[in-house]
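Here are some notes to read alongside the structure. Take the points in order, and keep the 3D view open so that you can find each part as it comes up.

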Amino acid sequence: MSADSVEGSAQPVVNSYNGWDPLEEVIVGSVANSASMGFEPALRPYFPNPAQQEFKAARRSDAEIEAATAQLDNLAKVLESENVIVRRPTPTDFMTEVKTPSFQVSSQNTSACPRDVLLVVGDEIIEAPMAMRSRFFEYLPYRKLVREYFRQGARWTAAPKPSMADEMYVQDFSIADGPFDADEHPSLTGLEPSFDAASFIRMGKDIFYQPDIVTNDFGAQWLARHLGPEYRLHRVRFRDPHPQHIDATMVPLRPGLIMFNPERPPVGETIAFFEENGWRVVAAEPSVRGSFYRTPEISNWISMNVFNVNEETIICEEREKPMIELFKSLGFRVIAIPFANVYHFGGSFHCCTVDIRRAGDRKSYFPALDS
């Protein structure tokens, strides 16, 4: 085995340029020892009333953790049955105080969502400079894996760690003054680069991002300069009162096919851009979860948070019948499994995975931009 490839293959140990090439290795998250966050400045866009900002951090209940763990473990088994290598984060006690010269919080969060903290671009793993104080050390449960990948030849970068000082957040931000708007009414200042990895979509040479409550343009500028001219970053915006991440808003399904959230229309010519480049645009089906489960951590478009094994196979929550039928009508083989108990921890299949290796290379899916 060479230092930078998988045994018996020229493929690098870390290799992922999009979300649809054949999946070979993945990290699946864990909810062990999770805590719920207390209020912190990054959460202001969700709570217009100051009285709502008084909630405290707490340890998650054993029942919640056990139910979600069973479904995450089942996801891992399903992926293994599809001949995918599955890795898991190191168990961590998240009910641990974080104190720095700039801030103090009484707990951390969870390792349920590796998609938020690790951005894989080609053969490189980038640790995201997240904006939530309770997530300051969220990279640590993955460090053992990242060190291993690095020793096998992968590139490893930690983006500049933000101070998360008060000056990083708009101090008087309130949605009582109007909904969040990245240009006119942002909640983050431009003091330091900040982004969650889940605010970006990788599509070969092109990467799309949405500035939101945890991602600012400074963060995207840092990423663009770091990646260099081999990649093109595109800024997209949607009519969303409190956007956080893009994987329940704009979801490419395979080359030439992309799904949008009909309740969050894009600001500008985003849909026209895809159509003019020959892509088929389809509207997502909303979640049916209102009939069986609700949580403030996710929107009613969690149905869009799906995960591709390859261009033909997609994993979807088993109760999301309208979305399952949509995927079947688009020619997908759908693996429908239970996952609603994981929603308590802030995400679904796409959030709770990060693809480490897919069989493919960097391509341009928008050749008109190449000239």
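1. Let's begin with a pair of strands. Strand β11, residues 206-209, runs parallel to β12, and four bridges join the two. To find one of these links, look for Asp 206, whose bridge partner in β12 is Arg 232.

2. A word on what you are looking at: this is a predicted model. The chain has a mean pLDDT of 93, and 95% of its residues reach 70 or more. Residues 291-295 are a stretch to treat with care, with pLDDT below 50. Beyond near neighbours in sequence, that stretch has nine contacts in the model.

3. Now widen the view from the pair to its sheet. This is an open sheet of three strands with mixed pairing, in the order β10-β11-β12. From one strand to the next, the twist averages 20°.

4. This sheet also has a helix packed on it. Helix α4, residues 217-227, touches β10, β11 and β12. The direction of α4 makes about 165° with that of β12.

5. There is another open sheet to look at, again with three strands and mixed pairing, in the order β18-β19-β20. Its edge strands are β18 and β20 (333-337), each of which pairs on one side only. Strand β19, residues 313-317, pairs with β20 in the parallel sense over five bridges. In one place to check by eye, Ile 314 has Val 334 of β20 as its bridge partner.

6. Which helices pack on this sheet? One is α1 (residues 62-81), which touches β18, β19 and β20 and whose direction makes about 150° with that of β20. Another is α6 (residues 321-329), which touches β19 and β20; its direction makes about 170° with that of β19.

7. Next, the empty space. Rolling a probe the size of a water molecule over the atoms shows where such space is left. The structure holds one cavity of 30 Å³ or more, and the largest cavity contains about 280 Å³ of space. Its lining is made of 23 residues, with Gly 19, Arg 115, Ile 201, Arg 202 and His 350 nearest the centre. Two strands from the sheets above, β10 and β18, are among the elements that give two or more residues to this lining. The others are β7 (118-121), β14 (250-254) and β21 (353-358). By class, the lining of the largest cavity has 14 nonpolar, four polar and five charged residues.

Terms used. Residues are numbered from 1 along each chain as its sequence is written. This is a predicted model: local features need pLDDT of at least 70, side-chain atom pairs count only at pLDDT 80 or more; totals for chains, interfaces and linings use all residues. Side-chain values use heavy atoms; hydrogens and water are left out. pLDDT is the predictor's confidence in each residue, from 0 to 100. Contact means heavy atoms within 4.5 Å. Two strands pair if DSSP finds at least two bridges between them. Axes are lines fitted to C-alpha atoms, for helices over the stretch in contact, and angles run from 0 to 180 degrees between N-to-C directions. On a 1 Å grid over the protein atoms alone, a cavity is a set of points where a 1.4 Å probe fits but cannot get out, and a pocket is an open set with protein on both sides within 12 Å along at least five of seven lines; lining residues have an atom within 4 Å of a point. Grid points are joined across faces, edges and corners, and a volume is the space filled by probe spheres set on the points. Ala, Val, Leu, Ile, Met, Phe, Trp, Tyr, Cys and Pro count as nonpolar, Asp, Glu, Lys and Arg as charged, and the others, Gly among them, as polar.
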